[in-house]
Amino acid sequence: APVASSHKTLFSSSVWTELDGISIDDSEGKNRFPMYWYGAAVTSCVLCLALATGLSPRRRENESGKRSRSGIAAYLRKHLKSWEYMISGPDVIQTGYDKSNGKPYEVVTPDTRLVFVSSPEQIDELNKVPDSILSLQAAANKMLQPRYTMHGFSWFDQRGTEGIGFERALRTLLTNHLPFIIPELGRVVRIHFSELQQQQPLVNGERQTRVYPMMKKLVVLANAYSFLGDELYKNEAFRAAALTFVDQTIYGAEFMRILPNALKPIAGAIMERYFHCDQKVFDALLPHVEQRLQERDMRKKGSDIPVRNDCIEWIIETSPKKNPWSAQRVVWEILAIWFGSVHSLSITASNAIFNLCQHPEYVAPLRAELDSDYADFLGTGDGLPLLDSFLKESARLSPVETMSTRRAALKPYTFSDGTQLGEGDWAVTPVFAIMRDSRHYPNPLEFSGFRFVDPAILEKTFIPLDAQGSMQPEPSNFDTLDHTYKIWGTGRMACMNSPGRVYASAALKVIIGEIIIKYKCKLLDPEARTYMTWRSTMLPKSSTTVVFST
Ligand code: HEM
């Protein structure tokens with residue numbers, strides 16, 4: 001786990017061993033496009049692009065203005081450094097943080113200049129800058145390349161241009177509906193985990209489970225159940241495409257992002273030929289959305305058609321009244337939420353399982369809490385402070401992303417301390433480095449699963465004091481937003497300003513709770529690395545295998 005050693009040696013895993021042999025395919029298994037071909041294609045593009053951006057005399061002349069030998073050497077150094085970020089981004093970000101002493105610092109990447117801000121005041125300032133200047137949407141557009149990965153979706157760089165219906169849809173309606181979702185979610189997770197478990201290879205009498213691929217399947221089932229209604233949840237072809245769509249978006253977006261603009265239309269056409277899960281998901285969702293829009297219109301005319309309780313309905317209900325969204329626009333919105341929710345939840349759940357295997361001393365107290373309080377939790381969606389803290393600690397030391405709060409500058413911006421952002425630069429926060437800073441966390445590299453629990457609650461447990469580990473000065477919940485814990489982002493744009501993270505926290509408690517109640521787990525190879533890195537992302541390795549036994 002990343003916690004065990006110093007950050008210098010943490011992030012040297014190779015992305016290619018991870019990709020080797022894994023296939024992205026469509027739901028029926030046709031058009032297989034092995035990931036090692038994909039890996040080779042990306043490697044070639046990376047090299048071409050490195051050469052194009054790093055060695056092009058024209059660029060050199062434009063940027064330095066002269067062609068002196070030392071200028072060329074400095075320029076090459078800068079470009080090599082920018083490519084170092086791609087392979088060991090978390091290290092590069094951490095090194096910048098260690099040297100910056102709380103001040104802003106820059107990291108230049110092959111396609112973007114990043115300016116990291118970490119002080120609460122500057123993060124606050126960042127949050128107050130209008131969306132017309134610093135935009136999360138513009139950063140997301142660049143990061144996810146939705147035009148190519150989400151069936152032609154292109155959201156406006158400036159937030160709110162077409163309304164932000166999903167915000168109330170998820171904030172109010174999903175949150176209000178959680179008490180109805182959670183009890184059933186427990187049953188859905190229990191049944192499907194057991195089914196998926198039975199499909200894993202049996203070796204010497206033990207089922208060997210590759211955790212990350214299995215968690216993606218489980219989260220697809222859980223989210224389809226929670227967000228999309230019964231019909232889509234039960235539609236196997238839809239679920240298969242919706243699962244592959246997530247992988248396709250991750251790898252496809254990266255591929256498009258590193259390509260020069262001139263090559264994008266050709267690459268886009270190739271992607272459409274081989275990777276069309278976005279279209280499948282789109283085509284599966286469209287008739288459902290069209291039907292809901294018809295039902296809405298009929299209700300307006302007085303028909304007595306009941307309103308259904310799911311995300312499709314809520315997004316329609318809260319979409320702008322003035323220029324109502326088309327069915328296509330609603331589907332795009334669902335695709336974006338689908339990607340974000342499955343991607344981040346499956347990673348966070350996988351890492352929590354790895355941490356459970358690596359820290360087995362937490363199993364007994366967590367199981368005791370679940371034995372006494374899980375039924376209440378399922379009824380209310382609230383409670384389980386020990387599990388809550390364990391999940392929070394797991395995400396602190398193994399977050400999905402080592403940077404957060406991405407805001408792309410639509411116009412140049414100067415912070416009050418004089419730090420400048422040019423058009424296209426991103427302001428970001430070094431979330432992982434902040435969460436491993438000893439000024440915010442006693443013994444920051446130690447995994448202390450109950451550090452966020454209220455000491456009064458911990459006192460009532462039978463966990464010996466010396467086994468309780470380091471504690472935070474103030475207790476807090478997993479879904480709490482504060483400047484030392486930024487996995488949910490910042491301020492008004494933080495993960496759905498509550499429901500995304502409230503649902504995420506509850507769904508994670510269900511998934512990990514169901515596992516702890518029923519299974520023992522151990523890593524097949526406790527020494528093997530459990531994650532890989534690319535840019536600032538830390539992805540669980542698909543090959544990491546856990547043995548779950550009853
Ligand atoms: C462990 C799981 C999750 C993590 C770590 C996570 C993290 C984040 C982060 C970092 C942001 C950007 C905030 C910013 O830049 O300030 C974000 C935004 C968002 N998240 Fe999540 N998220 C998670 C789960 C979910 C789930 C389950 C949903 C859906 C129910 C969701 C829906 C959204 C949406 C719609 C936004 C955009 C917010 C906006 O533009 O106002 N997230 N999330």
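**Ligand shell and helix packing**

The shell around the ligand holds 14 nonpolar, nine polar and two charged residues. Ala, Val, Leu, Ile, Met, Phe, Trp, Tyr, Cys and Pro count as nonpolar, Asp, Glu, Lys and Arg as charged, and the others, Gly among them, as polar. The model is predicted: local features need pLDDT of at least 70, side-chain atom pairs count only at pLDDT 80 or more, and totals for chains, interfaces and linings use all residues. Residues are numbered from 1 along each chain as its sequence is written.

The chain contains 21 helices and 15 strands. These are DSSP runs, numbered from the N terminus (helices: H or I, at least four residues; strands: E, at least two). Of the 550 residues of the chain, 43% are buried. A residue is buried if 20 or more other C-beta atoms lie within 10 Å of its own, exposed if 12 or fewer, and partly exposed in between, with C-beta atoms placed from the backbone. Among contacts with a separation of 6 or more, 71% join residues 24 or more positions apart. Two residues are in contact if their C-beta atoms, placed from the backbone, lie within 7 Å.

The ligand is surrounded by 25 residues. Ser 341, Ser 344, Gly 489, Cys 495 and Gly 500 are the closest. At least two residues of the shell come from each of α9 (165–198), α16 (327–358), β8 (404–409) and α21 (499–518). Helix α16 gives the largest share, six residues.

Helix α16 also packs against another helix. Two packed helices are described by the angle between their axes and the distance between the axes. The axes of α14 (residues 277–300) and α16 come within 9 Å and cross at roughly 125°. This angle makes α14 oblique to α16. Axes are lines fitted to C-alpha atoms, for helices over the stretch in contact, and angles run from 0 to 180 degrees between N-to-C directions. Angles under 35 degrees count as roughly parallel, over 145 as roughly antiparallel, 65 to 115 as roughly perpendicular, and the rest as oblique. The crossing of α14 with α16 is right-handed. A crossing is left-handed if the near helix is turned anticlockwise from the far one by less than a right angle, and right-handed if clockwise. On the α14 side, the contact is made by Asp 278, Val 281, Phe 282, Leu 285, Leu 286, Val 289, Glu 290 and Leu 293. On the α16 side, Ala 327, Val 330, Val 331, Ile 334 and Leu 335 take part. Eleven of these contact residues are nonpolar, none is polar and two are charged.

Asn 355 lies in α16. This residue is buried, with 23 other C-beta atoms within 10 Å.

The crossing is left-handed. Phe 238, Ala 241, Ala 242, Thr 244, Phe 245 and Gln 248 of α12 meet Cys 277, Asp 278, Lys 280, Val 281 and Ala 284 of α14. Seven residues of this contact are nonpolar, two are polar and two are charged.

Helix α15 (residues 311–318) is a further partner of α14. The two pack at an angle of about 50°, with their axes 10 Å apart. They are therefore oblique to each other. α14 passes α15 in a right-handed crossing. His 288, Val 289, Arg 292, Leu 293 and Arg 296 of α14 touch Ile 312, Glu 313 and Ile 316 of α15. By class, the contact of α14 with α15 has four nonpolar, one polar and three charged residues. Arg 296 is partly exposed, with 15 other C-beta atoms within 10 Å. Its C-alpha atom is 8.7 Å from that of Ile 316, 20 residues apart along the chain.

Two loop residues other than glycine have a positive phi. Asn 443 has a phi near 45°. This residue is in the loop between α19 (431–435) and α20 (455–459). Asn 443 is exposed, with 12 other C-beta atoms within 10 Å. Arg 535 has a phi of about 50°. Its place is in the loop between β13 (531–534) and β14 (537–540). Arg 535 counts as buried, with 23 C-beta neighbours inside 10 Å.

Note on methods:
A residue is near a molecule or strand if its C-beta atom, placed from the backbone, lies within 6 Å of it.
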